[in-house]
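Work through the exercises below with the structure in view. Try each task before reading its solution.

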Amino acid sequence: MEELSTFALDSEYVASTYRRFPIAIKEGKGSRVFDEDGKEYIDLGTGIAVNTFGLCDPVWSYAVSKQMMLYQHTSNLYYTRPTARLAQLLCEKTGMKKVFFGNSGAEANECAIKVARKYACLTHGEGRYKIITLSGSFHGRTLTTLAATGQEVFHKDFLPLTDGFVYVSPKEPEALRPLVEKGDIAAIMFEAVQGEGGVLPLSKAFVAEMTALAREFDLLLIADEVQIGNGRSGMLYGYMNYGITPDIVTTAKGLGGGLPIGACLMGERCEGVLSFGDHGSTFGGNPLAAAGAVSIMERLDEECLAGVRERSAYIFEALSGADGIKSVSGMGLMIGLETERPAAEVVADCRERGVLVLTAKTKVRLLPALNIPFEDLRTAIEILKEACASGTEKENA
Ligand SMILES: *Cc1c(COP(=O)(O)O)cnc(C)c1O
């Protein structure tokens, strides 16, 4: 019997929720990826900001393998060292006080929403449960985090969503106060840089208004650091670039470096909100994922972050004003390009030329490994520039 190709098997049996690129990955090392046909690529996508130090990074792989030889899972009924150590690292590096572990960004955000609701209820009584989120935001795919996601395209066909979310445009900080003054707002949830929304950093004006209102009305600030967090912004967490301290920080993606983990960090004001039985997750804080995450957190030191900023500066410099590129946005190693050619065409062209990049809305999105070798980065950026310039007027002239 002839074996079906990976493409054929997948389209026959896997739910068609993903529009996949026509590549079946076979293996990878660092920022290099090989497909089943043996073609080599430089990876500027890291599995959507997950493989923090690239594929099969030796330090991360060793940390996970070492744990794998001890035990893979215990349930949350027992204490486990990697999980406790990870919580310690997260708290020490951020000043947060307690951590709840889940398995994904959506779960981390679900936890944050529960904490915000309970905090508001305990502190201000019932009826103060609404959470302001931003238009263009992305917070996950569960029905509640979908409701938090301020993009209607994700909502349609799934109504009714969880009640209790109101949306404000990040371009209109002045719209915050009238909403907050109604008295039913518990929290404001934001991404320091919107990822899926088009790689857009939050304006200083919005952050200033949001933090002022949070202080005045005792609202919790929830930073969704699922994508921009864990070193990607050039600081440990994206919000740190704004000099603010949120009450809740959620993260996932790059924290695990490739294994599923999500974390909801709670600060001083809400560290005691959750008590026995309030929340849980069978796999949450799984020791394998936690052991890998510990190795990631231990490496995100000032030297590593300086390396992120250096690579970022190089990319901004190389791409700003380049042929076929209308704008460059983002922060650190989360970068969006507005291109003259449709983003999907640039992505396909790059792929043919051996570079993997992503899209975000109408933009081309780059999320390289934080330690991508400069040589690979330079090669990939040259290829990307060629792809952006090709077919544009200048080239045809
Ligand atoms: C990816 C993402 C999520 C959802 O994370 P999952 O692990 O897919 O549930 C939430 N928030 C932001 C900002 C994200 O980028």
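## Exercise 1: A hairpin and its sheet

Strand E2 (residues 32–35) pairs with E3 in the antiparallel sense, over three bridges. The model is a predicted one.

**Task.** Find the bridge partner of valine 33 in E3, then work out the order of the open sheet.

**Solution.** 
1. Start at valine 33. Tyrosine 41 is its bridge partner in E3.
2. Look at the turn. The hairpin of E2 and E3 has four residues between the strands. Glycine 38 takes a positive phi there, near 85 degrees.
3. Go on from E3 (residues 40–43). Two bridges join E3 to E15, and these two strands run parallel. Isoleucine 42 stands opposite valine 355 in E15.
4. The open sheet has four strands, E1-E2-E3-E15, with mixed pairing.
5. Check the edges. Strand E1 (25–29) and strand E15 (355–356) each have a single partner strand, so one side of each is left without a neighbour in the sheet.

## Exercise 2: A covered strand

**Task.** Decide how many residues of strand E12 (residues 262–266) are buried, and name the strands that pair with E12.

**Solution.** 
1. Count the buried residues. In E12, five of its five residues are buried. The cut-off for buried is under 20% relative accessible area.
2. Gly262, Cys264 and Met266 lie on one side. Ala263 and Leu265 lie on the other. Both faces are covered.
3. Take one pairing. Strand E4 (residues 98–102) pairs with E12 in the antiparallel sense over five bridges. The bridge partner of phenylalanine 101 in E12 is alanine 263.
4. Take another pairing. Strand E11 (residues 248–251) pairs with E12 over four bridges, again antiparallel. Isoleucine 248 stands opposite methionine 266 in E12.

## Exercise 3: Serine 329 and valine 199

**Task.** Is serine 329 buried or exposed, and what does its side chain reach?

**Solution.** 
1. Serine 329 lies in strand E13 (residues 325–331).
2. Apply the cut-off. Serine 329 is buried because its relative accessible area is 12%, and buried means under 20%.
3. Trace the side chain. The side chain of serine 329 reaches the backbone oxygen of valine 199 at 2.8 Å. A polar contact of 3.1 Å also joins the side chains of serine 329 and lysine 363.
4. Turn to valine 199. Valine 199 sits in the loop between strand E8 (193–194) and strand E9 (200–201). Its relative accessible area is 0%, so valine 199 is buried.
5. Check the backbone. Valine 199 has a positive phi of about 55 degrees, although it is not a glycine.

## Exercise 4: A helix and its span

**Task.** Why does the span of helix H13 (residues 374–389) agree with its number of residues?

**Solution.** 
1. At 1.5 Å a residue, the 16 residues of H13 should span 22 Å.
2. Compare with the model. The end C-alpha atoms of H13 are 22 Å apart, so the two values agree.
3. List what is covered. The buried residues of H13 are Asp376, Leu377, Ala380, Ile381, Ile383, Leu384, Ala387, Cys388 and Ala389.
4. Step past the helix. Glycine 391 follows H13 and has a positive phi near 80 degrees.

## Exercise 5: A cis bond

**Task.** Where is proline 160 found, and what is the peptide bond from leucine 159 to proline 160?

**Solution.** 
1. Locate the proline. Proline 160 is in the loop between helix H7 (152–155) and strand E6 (165–168).
2. Read omega. Omega is near 0 degrees, and the bond from leucine 159 to proline 160 is cis.

Notes. Residues numbered from 1 in each chain as written. Predicted model: local features only at pLDDT ≥ 70, side-chain atom pairs only at ≥ 80, totals over all residues. Heavy atoms only, no water. Expected span 1.5 Å × (residues − 1). Buried < 20%, exposed > 50% of the residue type's maximum accessible area, 1.4 Å probe, protein only. Pairing = 2+ DSSP bridges. Polar contact = N/O pair within 3.5 Å; in protein donor to acceptor, adjacent residues only side chain to side chain.
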